[in-house]
Each structure stands twice: as C-alpha cells, then as structure tokens.
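Keep the sequence and the 3D view open, and try each task before you read its solution.

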Amino acid sequence: TGGSKVSIKAACVADAFVEGSSKMGKHKYLILAQSGGYAKKRSLLKFDLSGVPKGKKVSTATMKVYVDYWHVPSSVASKEPAIARPIEVFSVLKAWTESGVTSSATGTGAKWSKKLLATDDTDAANASADTQTWAAGSKGWKSFDVTALAQLWVSDPTKNHGVLLKAQNEDKKGREPRCWSRDAVGKAAFAPHLTVQYQ
C-alpha cells in the first residue's frame, strides 16, 4: 500500500538578499534584479525539512514567497516602468549563514567562487529547478515547484543549503520585486515557506 499522504509547512530558517559587501540577512525584504542604476540583487532561502521522516517519498514541494511591491527610486520612477521578471530557483551547493552572507562571502569563512554566486555547479546548480515569470508589477504569493530538491534534502539533510532566487533578466533595469523576508516585523503570515506533501 502506498499509504496516505501527509502535508507539512516547512518554515524558512534563513534568508537574505545579496548585493555588495553588506550583510542583509536581517532585512525585511528579499530583493531581486535591479532598478534605477543600483546594483543587481539575488536572494537566498533555506527551509527546515526535519518534519519529514527520512526515507519518505516527497510527492510535491511548493515554495512560496510574497511580493509586497516593485521598487524604483523616486527620482527615476516616471522613466522606469516595471518589466516582467522570469524568476529562476537554483539549488545552493555550499553552506552559508544568514548573519554573515554577502555577495562574495558565504558567512562560514569561505568565499563564493563568483560574486552573487556562480550558477555552474560550484556555488549553485547549473540548471534551475523551476522558473516562473512574474508579471510586471504583480504582487502577492508566488510559487515554485521544488519537489526534486525537497526529496534530495529529506534523503540527505547535509545537502540542504537552500535555494538561490535570481531574475533571468536581472541585467535589465525595470524595478526590483521585493518579497517579505522571515525577519519582517509583523509580517509572519507573509514569510517564505515550503509546503511539502509526502507518503
């Protein structure tokens, strides 16, 4: 018998956006792409899957983030409308810490091989686990299918270094989607999370 399916909501236990040398692990937002001539940004998230017993088969795993708004400096707002952003999610392959991660450092004493993490199977996977296009200026919950990654993390928790979110067109100006992070005060209901169904 296959057994009945069980669903759990796995909490986000670490998240940060990376841009430059500043540590952004306690910021209220997870930020992507770029706007108004500022540096491009990517975001990191990690989830606690200890609630799924080892050996279980993951049926589905859906990661959700909540987009609050699309940022652009007021000085250029009239000249920079939002553009659609295809957002990719990659498996992170190196350990990092929320308190210490930057665009060049993992926060564990090691460096990323390339600024903002290389997506070539060194810092993060070469192939994206899922890509979802966010309509220009769209707000609310955004979902990604990370079923295969969740299965890997359940089978071998030592490989759970979370995910990297990046905009495929991050080199184009067109406003930054800003998602609530787990550290946003009073916004716990909008924190990133992972819903896992297993049997």
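The exercises below look at a helix, the cores, the cysteines and some charged pairs.

This is a predicted model, in which local features need pLDDT of at least 70 and side-chain atom pairs count only at pLDDT 80 or more, while totals for chains, interfaces and linings use all residues. Residues are numbered from 1 along each chain as its sequence is written, and side-chain values use heavy atoms, with hydrogens and water left out.

**Exercise 1. Find the buried residues of helix H1 and say how they are arranged.**

Step 1. Helices (H or I, at least four residues) and strands (E, at least two) are DSSP runs, numbered from the N terminus. Helix H1 covers residues 147-155.

Step 2. Buried means under 20% relative accessible area, exposed means over 50%, and partly exposed is in between (1.4 Å probe, protein chains only). In H1, the buried residues are Thr-147, Leu-149, Ala-150, Trp-153 and Val-154.

Step 3. Looking down the axis of H1, these buried residues fall within an arc of 160° (taken from the directions from the helix axis to the C-beta atoms), so they line one face of the helix.

Step 4. Now pick Gln-151, which also lies in H1. Its relative accessible area is 22%, so Gln-151 is partly exposed. Contact means heavy atoms within 4.5 Å; not counting residues up to four places away in sequence, Gln-151 touches Lys-56, Lys-57 and Val-58.

**Exercise 2. Describe the largest nonpolar core.**

Step 1. A nonpolar core is a set of buried Ala, Val, Leu, Ile, Met, Phe, Trp, Tyr and Cys residues joined through side-chain atoms within 4.5 Å. The largest one has 32 residues, and Leu-49, Met-63, Trp-134, Leu-165 and Leu-194 have the most contacts inside it.

Step 2. Elements that each supply at least two residues of this core include strand S1 (6-18), strand S3 (42-47) and H1. Strand S4 gives the most, with six residues.

Step 3. Apart from this core lies another, of 13 residues, among them Ala-14, Trp-96, Val-101 and Leu-164.

**Exercise 3. How many disulfides does the structure have?**

Step 1. A disulfide is a covalent bond between the sulfur atoms of two cysteines. The search looks for a pair of cysteine sulfur atoms within 2.5 Å.

Step 2. Searching the whole structure gives zero disulfides. For Cys-12, the nearest cysteine sulfur is that of Cys-179, 11 Å away.

**Exercise 4. Trace the salt bridges of Lys-26, then look at the pair Lys-166 and Glu-88.**

Step 1. A salt bridge is a side-chain nitrogen of Lys or Arg within 4 Å of a carboxyl oxygen of Asp or Glu. The structure holds eleven of them.

Step 2. Lys-26 pairs with Glu-98, their closest N and O atoms being 3.1 Å apart. Glu-98 is in the loop between S5 and S6 and Lys-26 in the loop between S1 and S2, so the pair ties together parts 72 residues apart in sequence.

Step 3. Lys-26 also meets Asp-183 in a salt bridge (3.6 Å, N to O). These two residues are 157 residues apart.

Step 4. Between Lys-166 and Glu-88, the closest N and O atoms are 3.3 Å apart. Lys-166 is buried at 9% relative accessibility, and Glu-88 is buried at 10%.
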